[in-house]
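Biologist: I would like to learn how to read a structure like this one. Could you take me through it?

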Amino acid sequence: MFRGLGRTLLSAAVAAGIGLAALTAQAAEVWQTLPDPPPLPKPAESGAAPVNDIQMYYAVFGTGRPVILLHGGLSNSDYWGSLVPALTAQGFQVIVADSRGHGRSTRSAQPYSYDLMASDVLALLDHLKIPKADLVGWSDGGIIGLDIAIRHPERLNRLYAYGANSDLTGLKPDFDKNPTFAAFIERAGTEYQKLSKTPDQYDSFLQQISQMWATQPDFTADQLRGIKVRTAIADGEYDEGIKREHTEYLARTIPGAELHILPNVSHFGMLQNPKEFDGDVITFLTAK
């Protein structure tokens with residue numbers, strides 16, 4: 001999702017003088033805040049799956065119809081602390097995973113691509129013996145969901161993509177300088193150091209994934225029109241990085257896609273109003 005970001009992300013946030021506590025204290029609106037996610041419940045199963053050329057962290061909660069949750073770029077599966085128990089209460093088996101290089105998952109020297117990250121997800125589902133699942137993706141996770149819907153639709157029941165873009169024209173210029181987004185970038189660096197097996201390699205990780213963000217995603221309108229998976233394209237009313245007209249374009253171009261604009265939240269709607277976000281996801285996944 002992030003175009004042209006690299007080693008300067010954290011230093012830019014610090015230079016801007018954006019602290020997480022200061023941001024929360026000064027924010028006048030919900031969509032300008034960046035609350036901490038609640039802790040995840042205890043999983044029924046967790047581990048590191050041998051996926052392609054990495055070890056991919058995953059955790060499984062509950063039983064029932066499987067749904068996999070994919071986090072955004074720079075973050076990790078802990079961001080789903082509210083949605084996981086909401087979904088298990090509705091009778092879903094919930095799988096969370098850390099994308100390659102993120103959170104507790106390892107990375108390799110292989111160049112990042114959304115195709116590669118999608119293949120990681122499918123290999124994890126194979127490891128867990130799940131032939132088909134719903135997918136809820138935020139930001140990069142939503143882009144991965146679009147990639148799977150385009151190339152491997154037989155693996156998805158439904159796709160809920162929040163804050164995703166299909167090409168670089170969907171991004172707002174200099175969104176990383178927005179105070180809320182800058183605070184997220186600062187937080188992400190701290191979380192990486194806490195969770196990663198290579199805590200001192202955040203800069204090299206950023207450099208590696210930024211090479212992907214400079215040119216991807218690049219899905220064509222024809223590819224989007226070919227999606228047959230039942231899809232919801234969602235975003236916050238005040239997304240800092242994704243243009244509203246691009247979100248509307250995605251919903252208009254994907255056959256039968258629903259457009260969900262959540263009021264008074266931004267790119268981080270699952271943190272800013274988890275009750276609203278969780279309810280929107282559940283309504284879509286359980287609709288007849």
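Biologist: How many Å apart are the mean positions of the positive and negative charges of the chain?

Modeller: First, the counting: Lys and Arg are positive, Asp and Glu negative, while His and the chain ends are not counted. Each charge is placed at NZ of Lys, CZ of Arg, CG of Asp or CD of Glu. Here the mean positions of 25 positive and 32 negative charges lie 5 Å apart. A word on the source: this is a predicted model, where local features need pLDDT of at least 70, side-chain atom pairs count only at pLDDT 80 or more, and totals for chains, interfaces and linings use all residues. Residues are numbered from 1 along each chain as its sequence is written, and side-chain values use heavy atoms, with hydrogens and water left out.

Biologist: How many helices and strands does the chain have?

Modeller: Helices (H or I, at least four residues) and strands (E, at least two) are DSSP runs, numbered from the N terminus. The chain has eleven helices and eight strands. Its radius of gyration, taken over C-alpha atoms, is 17 Å, close to the 19 Å from the globule rule (2.2 Å times the number of residues to the power 0.38) for 288 residues, so the chain is as compact as a globular protein of that length.

Biologist: What percentage of the residues count as buried?

Modeller: Buried means under 20% relative accessible area, exposed over 50%, and partly exposed in between (1.4 Å probe, protein chains only). Of the 288 residues, 56% count as buried.

Biologist: Where is Gly-170, and which residues is Gly-170 in contact with beyond its neighbours within four places in sequence?

Modeller: Contact means heavy atoms within 4.5 Å. Gly-170 sits in the loop between strand E6 (156–162) and helix H6 (179–195), and its relative accessible area is 0%, so Gly-170 is buried. Leaving aside those neighbours, Gly-170 touches Gly-241, Ile-242, Lys-243 and His-246. His-246 is itself one of the buried residues of helix H9 (residues 244–253).

Biologist: What do the buried residues of H9 pack against?

Modeller: They pack against helix H8 (221–225), strand E7 (230–236) and strand E8 (258–262).

Biologist: Is Thr-33 buried or exposed, and which backbone oxygen does its side chain reach?

Modeller: Thr-33 belongs to the loop between helix H2 (20–26) and strand E1 (45–51). With a relative accessible area of 14%, Thr-33 is buried. Its side chain reaches the backbone oxygen of Val-30 at 2.7 Å.

Conventions: Polar contact = N/O pair within 3.5 Å; in protein donor to acceptor, adjacent residues only side chain to side chain.
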